[in-house]
Amino acid sequence: MRLRDLKGFGPKSEEILAEVDIHSVEDFMAIDPFELYRRLKLKVKGTGLNSIYAIIGAREAKHW
């Protein structure tokens, strides 16, 4: 399974997550969602509140 296969994610999500060294579903599931959001906020311009909803939704297999 690829990151883009998670609910609510796509190819752009994979690109963005790669910017904070998340390259696999295993990497994504291993990190605390709020820590991931913090990293995205610091590194990826335009990261907004919807990002945390998408992260949690993808972890729970629910579209945000």
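Which side-chain oxygen reaches to within 3.0 Å of the backbone nitrogen of F34 at the start of helix 3? The oxygen belongs to D32. The model is predicted, so to speak of local features requires pLDDT of at least 70 and side-chain atom pairs count only at pLDDT 80 or more, while totals for chains, interfaces and linings use all residues. Residues are numbered from 1 along each chain as its sequence is written, and side-chain values use heavy atoms, with hydrogens and water left out.

**View 1. The start of helix 3.** Helix 3 covers residues 33-43; helices here are DSSP runs of H or I with at least four residues, numbered from the N terminus. At its start, the D32 side chain places an oxygen within 3.0 Å of the backbone nitrogen of F34. A polar contact is a pair of N or O atoms within 3.5 Å, in which, within protein, one atom must be able to donate a hydrogen and the other to accept it; residues adjacent in sequence count only if both atoms are side-chain atoms.

**View 2. The two sides of helix 3.** P33, L36, Y37 and L40 of helix 3 are buried, where buried means under 20% relative accessible area, exposed over 50%, and partly exposed in between (1.4 Å probe, protein chains only). These residues lie on the same side of helix 3 because they cover an arc of only 100 degrees around its axis, the arc being that of the directions from the helix axis to the C-beta atoms. Their cover includes helix 1 (11-18), helix 2 (25-30) and helix 4. F34, L42 and K43 are exposed, on the face of helix 3 turned away from its buried side.

**View 3. Packing of helix 3 on helix 4.** Helix 3 and helix 4 (residues 49-59) pack at an angle of about 145 degrees, and their axes are 10 Å apart. Axes are lines fitted to C-alpha atoms, for helices over the stretch in contact, and angles run from 0 to 180 degrees between N-to-C directions. The crossing of the two helices is right-handed, that is, the near helix is turned clockwise from the far one by less than a right angle. Helix 3 contributes P33, F34, L36, Y37 and L40 to the contact, and helix 4 contributes L49, S51, I52, I55, I56 and R59; contact means heavy atoms within 4.5 Å. Nine of the residues in this contact are nonpolar, one is polar and one is charged. Ala, Val, Leu, Ile, Met, Phe, Trp, Tyr, Cys and Pro count as nonpolar, Asp, Glu, Lys and Arg as charged, and the others, Gly among them, as polar.

**View 4. T47 in the loop between helix 3 and helix 4****.** T47 counts as buried, at 11% relative accessibility. A polar atom of its side chain lies 3.3 Å from the backbone oxygen of L40, and the backbone oxygen of V44 lies 2.8 Å from a polar atom of the T47 side chain. Not counting residues up to four places away in sequence, T47 touches Y37, L40 and K41.

**View 5. The buried face of helix 1.** S13, E14 and L17 are the buried residues of helix 1. They line one face of helix 1 because, seen down its axis, they fall within an arc of 100 degrees. These residues pack against helix 2 and helix 3.

View 6. D21, in the loop between helix 1 and helix 2, has a positive phi near 65 degrees and is not a glycine. D21 is exposed, at 58% relative accessibility. A61, in the segment after helix 4, is also not a glycine and has a positive phi of about 60 degrees. G57 belongs to helix 4 and counts as buried, at 8% relative accessibility.
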